[in-house]
Amino acid sequence: MNGTTAPSPWLPTAPCTPGHCAAHPEPEGAPGPAGVVRALVRLTAGLGTVLLGLLVAPATGLLPTAVRLALVRHWMRAAVRAFGVRVRYEGVPADGPLLVVANHVSWLDIPLIATVLPGRMVAKSEVRRWPVLGTLAALGGTLFIERDGLRSLPGTVREMSGVLAGGGRVVVFPEGSTWCGREGGRFRPAAFQAALDAGRAVQPVRIDYRPTDAAAYVGADPLGSSLWRVVSARRLTAVVRMPEPLTGLRHQDRRTLAAAAQRAVHPSGADRRVVRQPAVDQSCTGRRVVAQRAVARDSANLPSLSVHQRSSSSPASARSARTPA
């Protein structure tokens, strides 16, 4: 989720900002004529693939679950490829009902996970009102949450637990916000209670992008700007890693389970603390300093795949608190 709103216990905000955590894919800041044509073709193909899926989605409700999930996987894979993103998967995902938890960098995280581990996403309620993507999320059975307070959180956890107990799969981004890929947030423990209550395993997933700045969707960056950065990027590659699943047999409370999942996703920096946002009334310069320090500090701890340095910057996809959390 991409967010610029005030932090909440369920939906924290990240220090990552569009101006410092994402860059234009071309060194000079704008693609040349050939690059523009390529980007337009990708954008048209990607949006066309998404819209085609939306049109046929109602009919898939009549199909057996296994067939429907297979179609979703193929659809999402086709959409990602149409946008010009190359994908490499490492590891074998577990079968059956799972709580899937992943780091959150971009709106691309959602279709990337859906290609191998389709399930019901957890997202903020505002996503329901987004054009195209909101309809897509609703048709996919997204579990919408109210991010402005904790009152609805127990009900959301119960609903997640019910899906898992019934043999379904739930996908959540426990960092609660999108991060740039160089910096990551602490995993919030609430969602892990659903796995414990249902007696289901947790499948950690780590997503990295090369270059990170082309895919990152943080701060107040508009979705249109993020889409353009993605389709304009040259050789944008996503690497999706799936470590061994975690169970409640070894981690019997939600905090230790969340910490274990965080270590699996961020093996070099799992114990980092979430960098606090500057006060709302601080100057833009102050916020930039905090963001830059956070990125510089954690760059040394993250695997080289996650560390990309660019001279120019301006972010990617929907706001830092945007995608399903």
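**Exercise 1. Decide whether Arg88 is buried, partly exposed or exposed.**

Step 1: Recall the classes: buried means under 20% relative accessible area, exposed over 50%, and partly exposed in between (1.4 Å probe, protein chains only).
Step 2: Look up the value for Arg88, a relative accessible area of 33%.
Step 3: Arg88 is therefore partly exposed.

Before you go on: this is a predicted model, where local features need pLDDT of at least 70 and side-chain atom pairs count only at pLDDT 80 or more, while totals for chains, interfaces and linings use all residues. Residues are numbered from 1 along each chain as its sequence is written, and side-chain values use heavy atoms, leaving out hydrogens and water.

**Exercise 2. Find the strand that holds Arg88 and the residues that Arg88 touches.**

Step 1: Arg88 belongs to strand E1, residues 86-90 (strands are DSSP runs of E, at least two residues, and helices are runs of H or I, at least four, numbered from the N terminus).
Step 2: Leaving aside residues up to four places away in sequence, Arg88 touches Arg210, Ala238, Val239, Val240 and Arg241; contact means heavy atoms within 4.5 Å.
Step 3: Now try Thr237: it sits 149 residues from Arg88 along the chain, yet their C-alpha atoms are 7.6 Å apart.

**Exercise 3. Describe the whole chain.**

Step 1: Count the elements: eleven helices and seven strands.
Step 2: Of the 325 residues, 52% are buried.
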